Amino acid sequence: MTMELGNFSPEERAAQEERLRKVWETPKGIRYWTSVNNSEIGLWYGVTAFAFMLFAGLLGLLMRLQLAVPENDFISAELFNQAFTLHGTVMMFLFAVPIFEAVAIFLLPSMLGARELPFPRLSAFGFWSFLIGGVFVCGSIFFNAAPNAGWFMYPPLATDDEYAGIGADIWLLGLSFIEVASIAAAVEIIVGIMKCRAPGMRINLMPMFAWYLLIVAGMILFAFPPLIAGDILFEMERMFDWPFFDATRGGDPLLWQHLFWIFGHPEVYIIFLPAIALMAMIVPTFSQRPIVGYSWIVLAAVGTGFLSFGLWVHHMFTTGLPQISLAFFSAASEAVAIPTGVQIFVFIATMLAGRVIFSVPMLFGAGGLIIFVIGGLTGVMVALVPFDWQAHDTYFIVAHLHYVLIGGMLFPVVAGIYYYFPFVTGKKLSDAWGRTAFWLMFVGFNVTFFPMHFSGLRGMPRRVFTYPEDIGWDWFNLISSIGAFVFAAGVATFVIDIFRPKQQPAWRDLNPWNSGTLEWTNDPAESWGMRSVPIITSRYPLWDQPNLQADIEAGRFYLPDAKSGKRETLVTSVLDAKPIQCLRVGGVSYVTIIAAIALGGVFIALTFKLWITTIVFAIITFIAIIHWLWNGTAPIPEVPEIDVGLGETLPIYVSGPASVGWWAMFITMVGDGTAFASLIFGYFFYWTIHDDFTTIANGPGVLWPVAALVLYVIAWVLTLLARELNEKGPRGARLALTAALAVSIAASFAGLAGPYLHEMDPTSHVYPAIVWIVAIWTVTHGIVGAIMQGYCLARSITGRMTAEYDQDIRNVALYWHFMAFTAVVTFAVLGLFPLVST
Amino acid sequence: MKSFIPREVETLWTLFTAPTVWALHFLVCYATVAVFCAKGLASEVSFDTVRIALGVVTVLALAMIVLSAWLAWRQWGFGAADPPHDEATRNARTLFQGFATLLLSGLSFVAVLYMAIPMIFIAECQS
């Protein structure tokens, strides 16, 4: 590129820096917590997730103490049940997934050369939701009310009020709340990676980390919603006795297993891929050469992402499904070993081709890979149906899953923390402490978990709180327990290393490992991220682009200034990263905290069946979100275009598929559609297990479902009409929106009229229950759609939405595409399918 | 005469073609067998008919993956340049996309073949 770089005098630069510093300033005092900057949110997220991990680790130690000797009575069976349930739940939902969201939010902007991700307030909202939900779930154990039915909550055990108590509700509602946070993070990450890369960072030059995160965020959209759908069914059964998993009234506990594991297996890769992504950043740095086989890593990430969705039944090999079904999942489980293996070989090849520096991050990385490979090999074993029948629900599985998760996730994350600690704080962690921590953890881990393979093969079932002596388990358990404390000592060493006071380094070294990627140009002392947004021409710009660091710091690239007094970042095109927009992002705000607290209140009040409180919190949540959207999104800018430096001007406001908001809506609705598909899957699942499914009880009839279908389609058409008319002027658009709003409300009544007028009793049998739940799902979406129509109407009347500035109506029209699809499927299935199925 | 082979397009989505075909093939095989076995349809349709039908679906899926592979090979310039395709040019970006898509087509082809193996060896709904 032969573009003229900017050239500023020292005085001009100082003035620019003053303005940038003011715009990106982190608030002081109590208002610090209103910050939405990615570096604060990422840090809080990470520290919180790590604290939850330590808590769950302590629960693990409790269990190892109890199991150290046979017939032990150190803790009660009930506390043991709560401990292992919470241990698994917290490790998976409150550590493994959130820590990757934390790392992504923290690192991605710097890695991509952006000032900020596109929706900082959404990240903040996600963090506060996560914190509230997490404390709620963890705190329950201090009231002897923690979930106690295992981290996958199988009914009928977990639907039994007598046994599972309120713990199951805490699990279901607390985690549903956290899943919302994960989906929020997925939206942020996908849009950020697709549209906020530095100019010139084409998709063939993207850091490996971004490739992995893009795939992982996509996986979240398809993996988490089935669990949310499952949670809804589960909670309806626990709260209102709708018999989704009760076999005596036509339900089936297996549906929960399907929905849980459609989430649960991809989840393993959602955890594993980001950790491997960290390795893909660390290995090239310490081999001092570019990664070998960049395209192969892309193959591995995408391939694993897809194949991981064809594995869920391998958790259900002993449920009595037809063998051919089992064989399909066994085949896919073996196939996923191919892309997984490719990544390992790429790392080995990179190390062989370069000169490896065995620093602490590399030590943790390499140690983790060794552990992970062992776990992968036992994984290939349990993917074979006959072997699984023997090993299922034994300590062999406990060993396998800990080898996979600790090797594939915990060790690489620790490697990442050692590697990125200077990026966060400007100081390195200690080499000596790090090596000690590594060896304690590595040896302790293997001493703990390797013997479990043998206790498992000798028949020890998982989740027993004690065992008789002299059946061949004593020694293995004692060794495991000793190992657990060695492992814990390693973790403690690492934690102390983080928190002990450290000396300032003698000189300011932004890139202590001599890494090649862009994030190492950032100064941790400044909160603006990139001083100016550079033009990228290499996968490892710091190695290949001479003078890059100095030019960035001298403000010679894009956006060197913040004259408008607003937080601005660049939006670029998806494939070739050409600058297309100067995006303004949200700044510090209370509204995200209030919205998160209020939504948390809804979920917590629901747990205790406090209906009035629930409604009050729901209203507060609604007001907070509307306030947030009304004042924070799609403001009409004071000028249409802005100077972004290097002689270029870019628009501030864009709408439709070019805008980040449109993409956020699209991505959210894909996730929403997956949850809907899971409910429809439930309907047909019940249909397959009953010969007379749709005639077993009253149906919703044909008339009302068809009426609802037609009305929703009309509302959709009117919304599209409003979008088109809006380009010509506000009058026609307002008229069409008013009509659309009226029709949407009518459609919602029609949607519920079928099951209501036919007196379908949802507690009598699963058929009326599933009809009701699908209808309620769709009608709820219809009401949200109606609110959006009303919102556009209000925006138009108040002059916040015009013919030129029409983001709102374009995003709402996109919502209604999905809405129309949902309505057509819903009411065709509910109203028309019974006609053909009999 | 217009060729039936699609023109080269500028989008990220083509990368996912072959794995999507795998996913659809997987869903069709799983759902067909699940419904067939759960509904006890063996008295009306023989299991062999199901196997043959799914065999046809498999061949179709493999054919689509081969087509996707060929398109990827074309996008990769029929192998004229070697990876890593890390230059800062539109051409390198296109070649990278082609190569990555080709690799994914290969993986998807193998994964679909894996799925076909059970249908060769398992001949009933036994659970």
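1. Helix 4 and helix 19 of chain A cross in a right-handed sense (the near helix is turned clockwise from the far one by less than a right angle). Helices here are DSSP runs of H or I with at least four residues, numbered from the N terminus.

2. The model is predicted: local features need pLDDT of at least 70 and side-chain atom pairs pLDDT 80 or more, while totals for chains, interfaces and linings use all residues. Residues are numbered from 1 along each chain as its sequence is written, and chains are lettered from A in the order in which they are written.

3. The axes of helix 4 (residues 120-139) and helix 19 (residues 591-607) of chain A cross at roughly 35° and come within 8 Å. Axes are lines fitted to C-alpha atoms over the stretch in contact, with angles from 0 to 180 degrees between N-to-C directions.

4. On the helix 4 side of chain A, the residues in contact include Trp128(A), Gly133(A) and Phe136(A); on helix 19 of chain A they include Ala596(A), Gly600(A) and Ile604(A). Contact requires C-beta atoms, placed from the backbone, within 7 Å. The residues of this contact divide into 11 nonpolar, 4 polar and 1 charged (nonpolar: Ala, Val, Leu, Ile, Met, Phe, Trp, Tyr, Cys and Pro; charged: Asp, Glu, Lys and Arg; polar: the others, Gly among them).

5. Chain A is divided into domain 1 (38-499) and domain 2 (667-837), with bounds from an automatic or database domain assignment. Their centres, taken over C-alpha atoms, are 36 Å apart. Each of the two domains gives 23 residues to the contact.

6. On the side of domain 1 of chain A that touches domain 2 of chain A, helix 7 supplies the largest share, 9 residues. That side divides into 18 nonpolar, 2 polar and 3 charged residues.

Technical notes. Helices (H or I, at least four residues) and strands (E, at least two) are DSSP runs, numbered from the N terminus.
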